[in-house]
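Trainee: I would like to learn how to read the features of a model step by step. Could we go through one together?

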Amino acid sequence: MPASRREFLYGLGAMSGSMLFAMERSEPELILHNGKFWTVNPRQPRAQAVAISNSRFLAIGSNQEVLALAAGNAKKVDLSGKTVLPGFIDAHSHPAEAGLSHLRMVDCDLRSIADILKALRERAAKTPPGQWVLGFKYDDTKTSEGRPLTLQELNAAIPDHPVFVQHRGGHTAWTNSLALKLAKLDDKTPDPPGGKYDRDPATGRLTGHVREHGKDAFEKVIPSNFTRDDHREGVRLISQMMTRTGVTSVTDALGNPDDLRAYQDAHAAGQLGMRIYCHIYYAFMDQMLAAGVKTGLGDEWVRVGAQKMICDGSISERTARLSQPYIGRPDDFGMIVTPEEELYQQARKAHEAGWQLGTHANGDVGIDITLRVYERLQKEMPRADARYRLEHCTVINDGLVQRIKALGAIPTPFSTYAYYHGEKMKEYGPERVNHMFALRSFIDAGIRPTQASDYPPGPFEPMMALQSEVTRTDANGNVWGPHQKIALEEAIRVGTINGAYASYEENLKGSIEAGKLADLVVLGRDVFKEDPYNIINIPIERTMVGGNWVWEE
Ligand SMILES: [Zn+2]
């Protein structure tokens with residue numbers, strides 16, 4: 001028996017006897033050789049080749065060792081010296097919902113208002129008059145005109161269709177006059193509770209810009225008639241978009257039963273290229289609890305995640321609950337969405353039923369409240385290895401970090417915000433930004449933070465995440481929170497094995513190790529030799545999930 005083959009059998013020591021038997025009999029189906037593998041396995045950090053069988057890694061080693069395992073049918077792929085990393089794990093995003101948006105809406109992630117109007121006009125030309133033209137991913141701080149869209153522009157460009165364009169963050173929208181009419185809003189309509197219809201300060205007339213619950217009047221009249229097949233198609237589309245950037249696993253941070261079904265439908269149709277850990281929003285939990293479902297149910301493709309709750313507001317739209325006010329708004333400390341006692345009641349029910357918990361907590365006050373709820377639960381109903389999740393966990397201080405460590409909790413900070421949303425960080429001030437997306441502080445304290453895009457609000461490309469975390473610099477060269485820079489090797493671990501740990505799957509994936517799922521990404525250039533300010537431009541040549549190429553350039 002060759003040395004690497006023995007190594008592989010020892011590597012499986014922790015696994016069950018039956019698995020060992022099955023794997024022992026299998027010959028490699030596929031060998032990838034002549035690569036530069038960065039494995040994220042500290043016992044064997046680098047390798048030249050891997051053997052794969054039954055969707056898992058069989059052996060990892062030198063070209064010679066692994067090629068010696070080749071039997072008659074093994075397919076051999078020469079990687080021509082390319083760098084290979086484990087597949088990336090996006091531990092917080094919204095894939096099912098984003099997929100539906102991409103199916104139905106105009107992607108307004110464009111750099112000028114002129115381009116956005118053109119894209120909307122093109123959609124209108126293909127849409128019967130009177131029917132809605134919908135846009136999403138519009139970002140008011142990113143167009144060359146340096147000002148937001150106006151009602152007049154939308155009216156002039158699309159006069160015969162109601163238009164509703166959502167901000168990238170999802171909390172605000174821009175509309176035209178026909179949309180206002182269909183939503184039954186006029187200049188005399190008062191603002192709704194928890195929302196705002198913006199008005200021209202000079203004339204008092206509606207501007208078409210609406211915020212928070214101000215969007216409800218439109219959402220009521222925009223038809224939402226997705227079929228089961230549309231949900232599946234949305235998952236197929238987003239899976240294709242994400243896997244071509246090197247993502248191989250995703251946590252859906254706000255799932256519901258329709259989403260869970262859509263992931264299963266896409267998988268059954270052979271259209272799911274990435275693995276899903278699906279949090280369930282607490283509003284849907286009664287159904288799940290009644291059916292006896294809990295965290296971990298499912299398989300390596302679609303698995304039930306944590307119960308998701310929401311404590312406070314958002315970072316990109318500047319509503320996170322802070323202990324010190326926003327810069328330039330001395331009375332604005334942000335918002336609490338769910339008061340502490342209510343959050344505790346929501347959490348307790350799921351904790352008792354054996355669920356992992358994940359709570360959206362952005363500001364230092366929101367994080368403090370969420371930790372208090374977790375600490376109380378742990379005192380009243382202690383659970384070993386609870387892995388409480390702090391979704392986002394953006395603005396921290398030393399005291400919070402110590403409590404996170406003591407609890408063994410997992411933060412999922414935004415990975416691409418320093419690079420992509422840098423210009424919005426002015427409202428937090430440089431001192432506070434040094435305590436935001438605080439990977440350096442978490443890692444130094446022995447905490448395991450993850451990579452997380454929150455897509456659509458943040459871009460999901462793992463190479464952008466690495467660049468953002470390593471440089472803390474935006475596209476214009478401004479630096480945001482340099483104290484929190486981490487090394488490239490650390491950023492890769494954050495994006496791989498730490499994500500697997502956050503879903504209790506660190507023995508299944510997150511590194512290139514014998515017995516683990518064969519999920520990996522082949523890079524067009526060596527990330528370790530690249531200028532850190534140019535990592536974002538490294539091409540993703542191929543992505544493999546479970547031994548199959550799900551993306552090839
Ligand atoms: Zn989210």
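Mentor: Gladly. Let us begin with burial: a residue is buried under 20% relative accessible area, exposed over 50% and partly exposed in between, with a 1.4 Å probe and protein chains only. V84, at 0% relative accessibility, counts as buried. Before we go on, note that this is a predicted model, in which local features need pLDDT of at least 70 and side-chain atom pairs count only at pLDDT 80 or more, while totals for chains, interfaces and linings use all residues. Residues are numbered from 1 along each chain as its sequence is written, and side-chain values use heavy atoms, with hydrogens and water left out.

Trainee: Where does V84 lie, and which residues does V84 touch?

Mentor: Helices (H or I, at least four residues) and strands (E, at least two) are DSSP runs, numbered from the N terminus. V84 belongs to strand β7, residues 83-86. Contact means heavy atoms within 4.5 Å. Leaving out residues up to four places away in sequence, V84 touches K36, F37, W38, L79, I512, L520, V521 and V522. Its C-alpha atom is separated by 9.4 Å from that of G524, 440 residues apart along the chain.

Trainee: How do I read a metal site, and which residues coordinate the zinc ion?

Mentor: Start with the donors: these are N, O and S atoms within 2.8 Å of the metal (3.2 Å for Na, K and Ca), and since water is not among the atoms, sites may look incomplete. Here H92 (NE2), H94 (NE2) and D454 (OD) coordinate the zinc ion at 2.0 to 2.2 Å. Their spacing in sequence is H-x1-H-x359-D. Distant parts of the chain are linked in this way: H92 is in strand β8 (residues 88-93), and D454, 362 residues apart from it, is in the loop between α17 (439-444) and α18 (462-471).

Trainee: Are H92 and D454 buried or exposed?

Mentor: H92 counts as buried, at 1% relative accessibility, and D454 is buried too, with a relative accessible area of 8%. One of the residues touching H92 is T251, which also touches D90, A91, S93, P95, Y277, H279 and R389, not counting residues up to four places away in sequence. T251 lies in strand β15, residues 247-255, and counts as buried at 4% relative accessibility.

Trainee: What about a helix, such as α4: how many of its residues are buried?

Mentor: Seven of the ten residues of α4 (residues 95-104) are buried, so this helix is mostly covered. They are P95, A96, A98, G99, L100, S101 and H102. These buried residues pack against β8, β9 (106-107), β10 (133-138), α9, β15 and α10.

Trainee: How should I describe two packed helices?

Mentor: Use the angle between their axes and the distance between the axes. The axes are lines fitted to C-alpha atoms, for helices over the stretch in contact, and angles run from 0 to 180 degrees between N-to-C directions. Angles under 35 degrees count as roughly parallel, over 145 as roughly antiparallel, 65 to 115 as roughly perpendicular and the rest as oblique. Helices α9 (residues 228-243) and α10 (residues 257-268) pack at about 70 degrees, with axes 8 Å apart, and are therefore roughly perpendicular to each other. On the α9 side the contact is made by R228, H231, R232 and V235, and on the α10 side by D258, R261, A262, Y263, D265 and A266.

Trainee: At what angle do α13 and α14 pack?

Mentor: Helix α13 (residues 364-380) and helix α14 (residues 398-407) pack at about 30 degrees, with their axes 11 Å apart. They are therefore roughly parallel to each other. From α13, D364, I367, D368, L371, R372, Y374, E375 and Q378 meet L400, R403, I404 and L407 of α14.

Trainee: Which backbone features deserve a look?

Mentor: Most residues other than glycine have a negative phi, and most peptide bonds are trans. In this model, a cis peptide bond joins Y455 and P456, with omega about 5 degrees, and P456 lies in the loop between α17 and α18. S55 is not a glycine, yet has a positive phi of about 70 degrees. S55 sits in the loop between β4 (49-53) and β5 (56-61) and is partly exposed, at 21% relative accessible area. D385, also not a glycine, has a positive phi of about 55 degrees. D385 is found in the loop between α13 and β19 (389-392) and is partly exposed, with a relative accessible area of 43%.
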